[in-house]
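Please look through the sequence and the structure below, taking the chain as a whole before turning to its details. The paragraphs that follow go from the domains to the ligand, and then to some details of the backbone.

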Amino acid sequence: MTHRTAVIGAGLAGLSCARVLRRAGHYVEVFEADRIVGGRMATMRNGLVPYDHGAQYITARSAQFREFVDELVGSGYAAAWTPRVTTGPNNQQGTVANWYVGVPGMASIVRPLAEGVRIHTERQVHTISKGPKGWQIWFADKSSAGPFDAIAVCVPAPQAQLMLGPLNEMASHLARARLAPCWALMVRLDERTLPEQDVYSDMSEGIRWIARNNSKPGRGTRGETVVVHASPQWSREVEDADAEAVAEELWNEVTNIFGLPAVQPSQMSAHLWKYGLVERHLSESFVYSTEARVGVAGDWCLGRLAEHAFESGFGLGRSIVNSLD
Ligand SMILES: Cc1cc2nc3c(=O)[nH]c(=O)nc-3n(C[C@H](O)[C@H](O)[C@H](O)COP(=O)(O)OP(=O)(O)OC[C@H]3O[C@@H](n4cnc5c(N)ncnc54)[C@H](O)[C@@H]3O)c2cc1C
């Protein structure tokens, strides 16, 4: 009998979980709220201009993720990026090793994981419930999908808590994780404008990251594309502010930091990652109830990086396979 598993969330965690299940011969369906897959591993296009407005690069410490990164590089979905980096207001300079980026954008990182998987986009899951034949998934419009033998919930902790329905104990366990918002600013300049370095990190209290996006391989736009990430504290203070006002304020701060002349960007927009950066994680690879056959995975289980999301989803997938086989 083929086991049927539903994965909720098509970020790195959900898609790495789905791949493990599919490779083990399970029937898998992925339900994603957004129009596109990838979650915070994202590339946004404004016209033809791409911006990596979520994760900036990936690193690989574990053998498992290293193997995946090698696979990405081998198939042309990723390449090394060696930016010149300045850190802190005292301008400490250096280069980095073993940073990889998706090509042509960060969203390419999830591409090989999504291949051959049945993914439903624009399907925001509201809750899950247990029926006589298995788990049922309920959407906001009151339609449902199922039955499934197991469910993998691979969304940020606060969103997972909302949908766990009857699994109160698991939901309250997740309350220990904490994610901070992050405002991202995307700017295009017709001329090269920033100083020499490609990345400036921790430049002020309000700004955590400034990157010349087109210094990454395969971006190749004329002029300059810049991605700025505000600090968690600043982002939290203006979480409810209007995106246009936030964009203006962040760009003013960037021009102040570099002492730039008043340049008018040809494109400028801001995006809020409501559950952006992990501030406190569970220190567990994933959470799974073999009795209920429901589990949760995400970066926030294990750490704060893409590789943690991948490993969390991978581990949950393996546990589901072991509990059903
Ligand atoms: C600004 C920023 C910069 C970062 N920089 C780096 C970096 O440089 N290096 C690094 O390693 N990591 C970085 N990260 C972290 C990295 O992006 C994450 O660790 C990783 O992408 C998390 O993957 P995930 O699958 O756990 O979650 P997500 O990517 O958040 O995926 C969750 C998915 O679930 C979907 N979803 C949510 N609710 C529902 C629902 N109710 N129904 C259906 N679907 C739902 C979401 O739409 C999303 O697609 C950064 C993150 C941000 C925000």
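The chain is divided into domain 1 (1-35 + 121-177 + 282-325) and domain 2 (43-107 + 178-280), with bounds that come from an automatic or database domain assignment. Residues are numbered from 1 along each chain as its sequence is written. The model is a predicted one, in which local features need pLDDT of at least 70 and side-chain atom pairs count only at pLDDT 80 or more, while totals for chains, interfaces and linings use all residues, and side-chain values use heavy atoms, with hydrogens and water left out.

Taken over C-alpha atoms, the centres of domain 1 and domain 2 are 29 Å apart. Where the two domains meet, 18 residues of domain 1 are in contact with 14 residues of domain 2, contact meaning heavy atoms within 4.5 Å. Between them the domains bury about 1,400 Å², 60% of it on carbon and sulfur atoms; buried area is the accessible area (1.4 Å probe) that two parts lose on being put together, summed over both.

The ligand has 36 residues around it, of which E32, R40, Y57, D299 and A306 come nearest; a residue counts as near if one of its heavy atoms lies within 4 Å of the molecule. This shell draws at least three residues from each of domain 1 and domain 2. By class, the shell holds 20 nonpolar, eleven polar and five charged residues, where Ala, Val, Leu, Ile, Met, Phe, Trp, Tyr, Cys and Pro count as nonpolar, Asp, Glu, Lys and Arg as charged, and the others, Gly among them, as polar.

Some pairs of N or O atoms lie within 3.5 Å, the limit for a polar contact. A backbone N or O atom of L12 is 3.1 Å from an oxygen atom of the ligand, and a backbone N or O atom of Y57 is 2.7 Å from a nitrogen atom of the ligand. From D299, a polar side-chain atom lies 2.7 Å from an oxygen atom of the ligand. The protein covers 93% of the 1,000 Å² of accessible area that the ligand has on its own, by the Shrake-Rupley method with a 1.4 Å probe.

Most residues other than glycine have a negative phi, and most peptide bonds are trans. The peptide bond from V103 to P104, however, is cis, with omega near 5°, and a cis peptide bond also joins G146 and P147, with omega about 0°. P147 belongs to strand β12 (residues 144-148), strands being DSSP runs of E with at least two residues, and helices runs of H or I with at least four, numbered from the N terminus. E122, which is not a glycine, has a positive phi of about 50°.

Methods
A polar contact is a pair of N or O atoms within 3.5 Å; within protein, one must be able to donate a hydrogen and the other to accept it, and residues adjacent in sequence count only if both atoms are side-chain atoms.
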